[in-house]
Amino acid sequence: MPEFLDVVRTRRTVRSYRTEPVTRQDLQELVDTAVLAPNGMNQQPWAFSVITSREVMAKVSAIVVGILRSPEVQGHMKERMREIVNAPGYEVFYGAPALIVIAADQSVPGAPVDCQLAAENLLLAAHAKGLGACYMGFLLFSAGVPEAQALLQIPEGYRMVAGAIVGHPDVRPEGPPQRSPARITWVE
Ligand SMILES: Cc1cc2nc3c(=O)[nH]c(=O)nc-3n(C[C@H](O)[C@H](O)[C@H](O)COP(=O)(O)O)c2cc1C
């Protein structure tokens, strides 16, 4: 197991996967690590859907792509992004073999924040295990679509707020995350 800071420093978003499935044990371990995240009052206001069905993922991707190609959404999209989502054959999950969706308990005001912290744990854990992952922001466009909620089996009273695809990387981006120096105000 690599050292923690090395994991943080070398994690990258992976958008190209081999077809090999991720084992149920690995997926379980990712969720087990996700729930170790700090969360308000330890209420653990999350529910996870782990999807390995290609059929379900294809259907959900089609719903999301339909939304992304709608005039309302395209109107707010940057040109580069519009080119990507309008490309023939575009699908939001990049052929990954698994998708993990995190849904927030709607009765807990801070639940969406707790779920994002869990998502980051999951992304780092995937990298530490030699898997690749990509946060699925586009998926969240379908959070209010009943058909997507049903396909992903989001429990009653929960709303999906985060998600990540996971798989064995085919191509990993080179180098560490590209970041500008953070704007810091030192108040001493
Ligand atoms: C909130 C959020 C939403 C994202 N949504 C998507 C997405 O829908 N599709 C995608 O390919 N990448 C998505 N990403 C991944 C980012 O594009 C990626 O983290 C960023 O380009 C930096 O690259 P790195 O993770 O390799 O450092 C998302 C990341 C975050 C944090």
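Helices (H or I, at least four residues) and strands (E, at least two) are taken here as DSSP runs and are numbered from the N terminus. By that rule, T19 lies in the loop between α1 (4-10) and α2. The model is a predicted one, in which local features need pLDDT of at least 70 and side-chain atom pairs count only at pLDDT 80 or more, while totals for chains, interfaces and linings use all residues. Residue numbers start from 1 along each chain, as its sequence is written.

**The sheet**

Four strands make up an open sheet, and their order is β1-β2-β4-β3 with antiparallel pairing. Two strands are said to pair if DSSP finds at least two bridges between them. The edge strands, each of which pairs on one side only, are β1 (46-51) and β3 (132-135). From one strand to the next the twist averages 25 degrees; angles run from 0 to 180 degrees between N-to-C directions, and axes are lines fitted to C-alpha atoms, for helices over the stretch in contact.

Strand β2 covers residues 98-105 and strand β4 covers residues 158-167. The pairings and some of the residues that face each other are set out below.

| Strand pair | Bridges | Residues standing opposite |
|---|---|---|
| β1 and β2 | six | F48 and I102 |
| β2 and β4 | eight | I100 and A164 |
| β3 and β4 | four | A133 and V166 |

Burial is judged by counting C-beta atoms, which are placed from the backbone: a residue is buried if 20 or more other C-beta atoms lie within 10 Å of its own, exposed if 12 or fewer, and partly exposed in between. In β2, eight of its eight residues are buried, and the strand is mostly covered. In β4, nine of the 10 residues are buried, so this strand is largely enclosed by the rest of the structure.

**Helix packing**

Two packed helices are described by the angle between their axes and the distance between the axes. Helix α2 (residues 24-34) packs with helix α6 (residues 111-128) at an angle of about 135 degrees, and their axes are 8 Å apart. This angle makes α2 oblique to α6; angles under 35 degrees count as roughly parallel, over 145 as roughly antiparallel, 65 to 115 as roughly perpendicular and the rest as oblique. The crossing of α2 and α6 is right-handed. A crossing is right-handed if the near helix is turned clockwise from the far one by less than a right angle, and left-handed if anticlockwise.

**Loop residues**

The loop between α2 and β1 contains M41. The phi of M41 is near 55 degrees, which is a positive value in a residue other than glycine. M41 is exposed, with 9 other C-beta atoms within 10 Å. Q44 also lies in the loop between α2 and β1, and Q44 has a positive phi of about 50 degrees although it is not a glycine. Q44 is partly exposed, having 15 other C-beta atoms within 10 Å.

L36 is placed in the loop between α2 and β1 as well. L36 is exposed, with 11 other C-beta atoms within 10 Å. The C-alpha atoms of L36 and L117 are separated by 9.3 Å, although these residues are 81 residues apart along the chain.

T19, in the loop between α1 and α2, counts as exposed with 11 C-beta neighbours inside 10 Å. The C-alpha atoms of T19 and A111 are separated by 33 Å, and the two residues are 92 residues apart along the chain.

**Ligand surroundings**

Around the ligand are R12, T13, R15, C134, Y135, M136, G137, F138, P173 and P177. A residue is near a molecule or strand if its C-beta atom, placed from the backbone, lies within 6 Å of it. The residues of this shell divide into six nonpolar, two polar and two charged. In that division Ala, Val, Leu, Ile, Met, Phe, Trp, Tyr, Cys and Pro count as nonpolar, Asp, Glu, Lys and Arg as charged, and the others, Gly among them, as polar.
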